[in-house]
Amino acid sequence: MIPSGILTLTTDFGYRDHYVSAMKAGILGINPAVRMIDVSHDILPQDIMAAAWVTKHSAFLYPEGTVHLVVVDPGVGTSRKAIAVRIRDQIFVGPDNGIFSLVADEDEYHAYQLGNTSYWGGDRSKTFEGRDIFAPVAAHLSKGVPLADVGDRINEMFIYRWARPVADKEGIQGWVVHIDRYGNLITNIPGETIQLLHNRRGVRIYIGSTILKKIENTFGDVKAGEPVAFIGSTGMLEVGVNVGNAEQMLGVYKGAAVSLVFT
């Protein structure tokens, strides 16, 4: 695979401390020509599912051969593996804690444990492997180092799986799997599934103590301050509030049940 020369970064580090800058400094020391793109450093601390969601819905838009450094690592310094993974035509580097199994979802993947220390950084801390292992390896991969050079192939990553909605002709039971910056409640219910089962019937959407009677096109289809259901940019059913925050206004959080009943 020809490297794209692009390296993206996704972390839960924020910008208050030196962590993001320290990783970038190490990357530039190895590949000063790399183009770095910050996807997000605002992932909630230790939120593996949020990191996977953000990565899954951004990484595959990049050119072939792009390297994605993802460091949300509550198990830093423990026996969890450090890995690099090829999924489709993209390369991912980070901890083997379930993030990349969620990104791969139903895709095939090729994973390697980062055992070749010649591609690690010189200083190694047990609490900052993003700087000392993941960033240096990602930088070398962005220069075209083959995946097989950074370590040995492993057969399976640590597995997490997205919850799947349960559907029949009467309705769909799903859950809120992600909440974005605006407080929009993103569910695991695909718009395609709704369209397949809808069959021109009416619909009731139950979420928390709120009942919605229609799936709209966008926020502006309802008055300001009113809740609205729509199919979002990821193709999933979402519930938001026009010029408001659904998480706060509806009192609904990640993991909450969402029920669609066809009428």
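**View 1. Helix α1 lies across strands β1 (6-11), β2 and β3 (67-71).** Here α1 runs at about 160 degrees to β1. Lying across involves contact, meaning heavy atoms within 4.5 Å. Axes are lines fitted to C-alpha atoms, for helices over the stretch in contact, and angles run from 0 to 180 degrees between N-to-C directions. Helices (H or I, at least four residues) and strands (E, at least two) are DSSP runs, numbered from the N terminus. Before you explore further, note that this is a predicted model, in which local features need pLDDT of at least 70 and side-chain atom pairs count only at pLDDT 80 or more, while totals for chains, interfaces and linings use all residues. Residues are numbered from 1 along each chain as its sequence is written, and side-chain values use heavy atoms, with hydrogens and water left out.

**View 2. Helices α1 (residues 19-30) and α4 (residues 129-142) pack together.** Two packed helices are described by the angle between their axes and the distance between the axes. For this pair, the angle is about 35 degrees and the axes are 9 Å apart. The crossing of α1 and α4 is right-handed, a term used if the near helix is turned clockwise from the far one by less than a right angle. From α1, Ala22, Met23, Ile27 and Ile30 meet a group in α4; among these partners are Ala135, Pro136 and Ala139. The residues of this contact divide into 7 nonpolar, 2 polar and 1 charged. In this count, Ala, Val, Leu, Ile, Met, Phe, Trp, Tyr, Cys and Pro are nonpolar, Asp, Glu, Lys and Arg are charged, and the others, Gly among them, are polar. Helix α4 also lies across β1, β3, β4 and β5 (90-95), running at about 170 degrees to β3.

**View 3. An open sheet is built from 7 strands.** Follow the order β2-β1-β3-β5-β4-β6-β7, and you will find that the pairing is mixed. Two strands pair if DSSP finds at least two bridges between them. At the edges are β2 (35-40) and β7 (152-154), each pairing on one side only. From one strand to the next, the twist averages 25 degrees. Strands β3 and β5 run parallel and are joined by 3 bridges, and leucine 69 stands opposite valine 93 in β5. Strands β4 (residues 82-87) and β6 (residues 109-113) run antiparallel, with 5 bridges between them; isoleucine 83 has glutamine 113 in β6 as its bridge partner.

**View 4. Strands β4 and β5 form a hairpin with 2 residues between them.** The two strands run antiparallel, joined by 6 bridges, and alanine 82 has proline 95 in β5 as its bridge partner. Strand β5 is mostly covered, with 6 of its 6 residues buried. Buried means under 20% relative accessible area, exposed over 50%, and partly exposed in between (1.4 Å probe, protein chains only). In the turn, arginine 88 has a positive phi of about 55 degrees. Arginine 88 counts as partly exposed because its relative accessibility is 47%.

**View 5. Helix α6 (residues 191-198) has Gly191, Ile194 and Leu197 as its buried residues.** Seen down the axis of α6, these buried residues fall within an arc of 140 degrees, so they line one face of the helix. The arc is that of the directions from the helix axis to the C-beta atoms. On the other side of α6, Glu192, Gln195 and Leu196 are exposed. Just after the helix, asparagine 199 takes a positive phi of about 50 degrees.
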